[in-house]
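These are my notebook entries on one model, written while the sequence and the coordinates were open. The entries follow the order in which I looked things up.

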Amino acid sequence: SSPRPLRIGITCYPSVGGSGILASALGEQLARCGHEVHFISYERPFRIKLDGPNLFFHPVVISDYDLFKHRDYTLPLSVKMAEVSRDHALDILHVHYAVPHATAAILALEMLPENRRPKLITTLHGTDTTLLGRDPGYGPAVRHALARSDAVTAVSRFLEEETHRVLGPGCPIEVIHNFFTPRPVARPREVVRKELGVAPHETLLLHLSNLRPIKRIDRLLESVALIRARESFRLLILAGGDFSPFAADVRRLGLADRVIVRHHVFEIEDYLNAADLGLFTSDSESFCLSILEAMAFGRPSVSTAVGGIPEVVDDGRNGLLVPSAEPADLARAVESLIADPARRAQLGAAAREKAQTVFSTERIVARYESFYRQVLERD
Ligand code: GMT
């Protein structure tokens, strides 16, 4: 007989960002597999449109009190987690991004009688270790939250190793890579390129990110400014953050007619389909979901070879990695692919193949599902 469906609570950041996208997609897929999934967050995760069967959303209401200079989210989140865990008899509470979700979850568990506590699984996504883990104001809290979780996962081997090195939580960390499930394209490629003003002969480079300093938008712009055949490309930036601080760089580098910026695009699929090549210049990246998003559309990327990216991109097989991270080297790599559409297509086909096998939705969701059961069977 098939194992009973599970009742799973998921907490994530609901805004644009890889960890929220991954957590939302995971919840949707688990619900599709027959599990009961409860999202707990301050807003409905943006890729989840409706309450489907088995899919519920519990908003955390954050109150404002005169005494607080900064509003507190951790405590109301913990109260809501405890309430949902109790009312829906959750088996698993799965939190994405440790801060403050894992800490809130630990508090929630302590509010519940011992025999009514769900198992707590914390998934690390990146800066929860690489940035906040190193911050003396957060690190000890993150270490404590990991040590007290029933299980911890990380989205790459790089992040697993980095977490042991930076935080030494003393617990095993299971590596489960990310997946991406594209939604259907709404508008044909030619229509989207026309809307963007991209000529048929131009290679459309694509960068999508939250534009935080770690993404090195300065390096991105300097790199494209060094591409020699200026008329051969356009760079589309899907900005999950404010691009205005970079407008002066765009002018200074003479890129005003080459760079197209779109803010807060929720339906990225049309743009992934319209693009030819991804370009990523981060200083650190635990996985880089955006590269996988491009791969799912058969688009290879040129990227710095940092963090977990070499687990996603095999240099020369399904994309190009630039270990030096020098703008001139990044520009040369992009130029080589602008000049050689056949190679681009070959890398793109291999990228799609890897996205659909190694990082397929079925494979990764099954990994999480069996991990849940493994954790539940312990003790
Ligand atoms: O850690 C962050 O900066 C936020 C996080 C997010 O929500 O986008 O990004 C991390 O998680 C993604 C999903 O697992 C990964 O693809 C990103 O590489 C990772 N970001 C960094 O490591 C900088």
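Entry 1, helix α5. I began with the buried residues of α5 and found that they pack against α3 (101-111), β5 (119-124), α4 (127-130) and β6 (151-154). The model is a predicted one: local features need pLDDT of at least 70, side-chain atom pairs count only at pLDDT 80 or more, and totals for chains, interfaces and linings use all residues. Residues are numbered from 1 along each chain as its sequence is written.

I noted the terms before going on. Helices (H or I, at least four residues) and strands (E, at least two) are DSSP runs, numbered from the N terminus. Contact between two residues requires their C-beta atoms, placed from the backbone, to lie within 7 Å. A residue is buried if 20 or more other C-beta atoms lie within 10 Å of its own, exposed if 12 or fewer, and partly exposed in between, with C-beta atoms placed from the backbone.

Which residues of α5 are buried? In this helix, residues 139-148, I listed V142, R143, A145 and L146. They lie on the same side of α5, because they cover an arc of only 165 degrees around the axis (the arc is that of the directions from the helix axis to the C-beta atoms).

Entry 2, helix α6. For α6 (residues 157-166) I recorded F158, L159, E160, E162 and T163 as buried. The buried residues of α6 pack against β5, α4, β6, β7 (173-175) and α12 (309-312). After α6 comes G168, with a positive phi near 45 degrees.

Two strands pair if DSSP finds at least two bridges between them. Strand β2 (residues 36-41) is mostly covered, with five of its six residues buried. Four bridges pair β2 with β1 (residues 7-11) in the parallel sense, and I10 has F39 of β2 as its bridge partner. Strand β3 (residues 55-59) runs parallel to β2 and is joined to β2 by five bridges; here H38 stands opposite F56.

I looked up N54 in the loop between β2 and β3. The phi of N54 is near 75 degrees, a positive value in a residue other than glycine. Is N54 buried or partly exposed? N54 counts as partly exposed because 19 other C-beta atoms lie within 10 Å.

In what order do the strands of the open sheet of six lie? I read the order as β10-β9-β8-β11-β12-β13, with parallel pairing. Strands β10 (259-263) and β13 (320-322) form the edges, each pairing on one side only. On average, neighbouring strands of this sheet are turned by 25 degrees against each other, direction ignored; axes are lines fitted to C-alpha atoms, for helices over the stretch in contact, and angles run from 0 to 180 degrees between N-to-C directions.

Within this sheet I followed β11 (residues 277-280) and β12 (residues 301-304), which pair in the parallel sense over three bridges. F280 stands opposite S303 in β12. Helix α11 (residues 289-296) packs on the sheet and touches β8 (203-209), β11 and β12. The direction of α11 makes about 175 degrees with that of β11.

L211 is found between β8 and α8 (217-225). I noted a phi near 65 degrees for L211, again positive in a residue other than glycine. L211 counts as buried because it has 22 C-beta neighbours inside 10 Å.

The bond from V99 to P100 is cis, with omega near -10 degrees. P100 lies in the loop between β4 (92-96) and α3, and P100 counts as buried because it has 23 C-beta neighbours inside 10 Å. Leaving aside neighbours within four places in sequence, I found P100 in contact with Y73 and T74. The C-alpha atoms of P100 and S149 are separated by 13 Å, and these residues are 49 apart along the chain.

How many residues surround the ligand? I counted 19, the closest being G17, G18, S19, G126 and T127; a residue is near the ligand if its C-beta atom, placed from the backbone, lies within 6 Å of it. The elements giving two or more residues to this shell are α1 (18-32) and α4, and the largest share, four residues, comes from α1.
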